[in-house]
Amino acid sequence: MGMEQLILAFVTGLTTGGLSCMAVQGGLLASSLARQLEQDVFRSSESKIGKRMPPQLALPIALFLLAKLAAYTILGFFLGWLGSLLTLSANLQAILLVAIGIFMVGNALRMFNIHPIFRYFVVEPPKFITRAIRRTSKNTDFFTPLFLGVLTVLIPCGVTQAMMAVALGTGSAVAGAVLMFAFTLGTSPVFFAAAYFTMQLGRRLEKWFMRFVAVVVLVLGLVSINSGLNLAGSRLAIQNLFQVAQAESELGAAYPANDGTLTLRAENNGYSPSQLYAPADTSLTLNVVTSETYSCSRAFVIPALRVQVLLPETGVVPIEIPAQPAGTVMQFTCSMGMYTGEIVFGQ
Amino acid sequence: MIKKIYRVEGMHCPNCAMRVESIEDELPGIGRVSASYQKGQMVVEFDETKVSEAEMIEAVKKVGYIVKSVD
């Protein structure tokens, strides 16, 4: 693997990767920072000096990113080594997204102090670890950001998945590790800046800040659950409910061409048109077109058909759709459930 | 050594439990303190001849938490 490919991986991380990952994994970081802020706010409120100490945000963010960097480097090592495992299946990712969403919503309710039962949503490290941490470094909670940073490996964003596929293609453990290291390192500055300034701004909200963080965690949790529902092809996802309501008036709806093919454009901000119409009881070809597409819309999934394709940045990928009975509504989505659309089969 | 369970109020996160456990480094006669944020309690193993309950409760108060009741 040449230096050019490494630089490309780093620049991809620095540009699209950082923001894309922040959208997907920001919730885990927010949960991690929420813990740190809880301690700092509580400590300063009990301080007799009366001076509010600034929350130590840089350290937990740095720890989170370091853990993430290490975890993805190890993942790259195994991907390069195995060379066969492509991505987590769409169903498993959907379950993970819903589970992470429930974890975050539970944590937000815990922060609102609604009921002691929600305390069980927090990850309590084993006693031997807390004892070791306490004896080596008093007053600093290293475990949570480190643990959650490692967890990001379970919810890679679309751009990361694309890079994971490249790591697979290297066919070498060391090359895979170096590639993922370069990419993840590239995502770190954007991730750090976005997280740090968001949290610094929030600090000014003073006594309402903990509630503000809880609301952010709550919203991100709900978004994660919704993404999981999208990825599972559920009609309960918000976008799908909305699409049902506007189905008949969709201006961007598309019909098959004379040769029986349907064309869908996977763009950086989603799929266009988001609604396609097809005749029932006839098999057809869905041509998914990309043109300088770098977002997670490249990781294309049709849950009902168990289709999971990583589209090229520019190109056309034909997908065979078997005949469907009239009235079938087939969902398609990106692998993180962020962008969605559907094919409606009629007469 | 005897073992007792105490209810602790004011813990906001697992790190608070870690701070409560730090009293085992501060007082003589304490074998092991195991605090749980989830259960809102601490289990203490201690030598009654070397440390009193009042001293333990005071030590917990110093790190910011209240021992409300003794089970």
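Me: Where is A:N113 found in chain A?
Reply: In this predicted model, A:N113 sits in the loop that joins α3 to α4 (127-136) of chain A.

Me: Why is A:N113 called exposed?
Reply: The label comes from a count: A:N113 has 12 other C-beta atoms within 10 Å.

Me: What makes the backbone of A:N113 worth a look?
Reply: Its phi is positive, about 60 degrees, although A:N113 is not a glycine. Most residues other than glycine have a negative phi.

Me: What about A:D281: where is it, and what is its phi?
Reply: A:D281 belongs to the loop between β3 and β4 of chain A. Its phi is positive as well, about 60 degrees, and A:D281 is not a glycine either.

Me: How do you know whether A:D281 is buried or exposed?
Reply: Count again: 10 other C-beta atoms lie within 10 Å of A:D281. The limit for exposed is 12 or fewer, so A:D281 is exposed.

Me: What makes the peptide bond from A:S272 to A:P273 cis or trans?
Reply: Look at omega, which is near -10 degrees for the bond from A:S272 to A:P273, and the bond is cis. As a rule, most peptide bonds are trans. A:P273 lies in the loop between β2 (270-272) and β3 of chain A.

Me: Why does A:E267 count as partly exposed?
Reply: A:E267, in strand β1 of chain A, has 16 other C-beta atoms within 10 Å. Buried needs 20 or more and exposed needs 12 or fewer, so with 16 A:E267 falls in between and is partly exposed.

Me: Which residues does A:E267 contact, apart from its neighbours within four places in sequence?
Reply: They are A:S272, A:T293 and A:S297.

Me: Which residues have the most contacts inside the largest nonpolar core?
Reply: That core has 43 residues, and the ones with the most contacts inside it are A:M104, A:L264, A:F300, A:V301 and A:C334. The elements that give it two or more residues include α3 (90-111), α8 (209-231) and β1 (261-267) of chain A. The largest share, ten residues, comes from α3(A). The core also draws at least three residues from each of domain 1 (3-231) and domain 2 (249-346) of chain A.

Me: Which residues does A:L264 touch, leaving out those up to four places away in sequence?
Reply: A:L264 touches A:Y271, A:L276, A:L286, A:V288 and A:V289.

Me: Which residues does the second core include?
Reply: The second core is separate and has 21 residues, among them A:V122, B:C13, B:A17 and B:Y65.

Me: How do you know how helices α2 and α5 of chain A are placed against each other?
Reply: Two packed helices are described by the angle between their axes and the distance between the axes. For α2 (residues 58-82) and α5 (residues 143-151) of chain A, the axes come within 7 Å and cross at roughly 35 degrees. The crossing is right-handed. Among the residues making the contact are A:F64 and A:A71 of α2(A), with A:P145 and A:V150 of α5(A).

Me: What kinds of residues make up the contact of α2(A) with α5(A)?
Reply: Eleven are nonpolar, one is polar and one is charged.

Me: In what order do the elements of chain B run?
Reply: Starting at the N terminus, the order is β-α-α-β-β-α-β, which gives three helices and four strands. Of the 71 residues in chain B, 38% are buried.

Me: How many helices and strands are in chain A?
Reply: Chain A has nine helices and nine strands, and buried residues make up 45% of its 347 residues.

How values were computed:
Residues are numbered from 1 along each chain as its sequence is written. Chains are lettered from A and ligands numbered from 1 in the order in which they are written. This is a predicted model: local features need pLDDT of at least 70, side-chain atom pairs count only at pLDDT 80 or more; totals for chains, interfaces and linings use all residues. A nonpolar core is a set of buried Ala, Val, Leu, Ile, Met, Phe, Trp, Tyr and Cys residues joined through C-beta atoms within 7 Å. Domain bounds come from an automatic or database domain assignment. Two residues are in contact if their C-beta atoms, placed from the backbone, lie within 7 Å. Axes are lines fitted to C-alpha atoms, for helices over the stretch in contact, and angles run from 0 to 180 degrees between N-to-C directions. A crossing is left-handed if the near helix is turned anticlockwise from the far one by less than a right angle, and right-handed if clockwise. Ala, Val, Leu, Ile, Met, Phe, Trp, Tyr, Cys and Pro count as nonpolar, Asp, Glu, Lys and Arg as charged, and the others, Gly among them, as polar.
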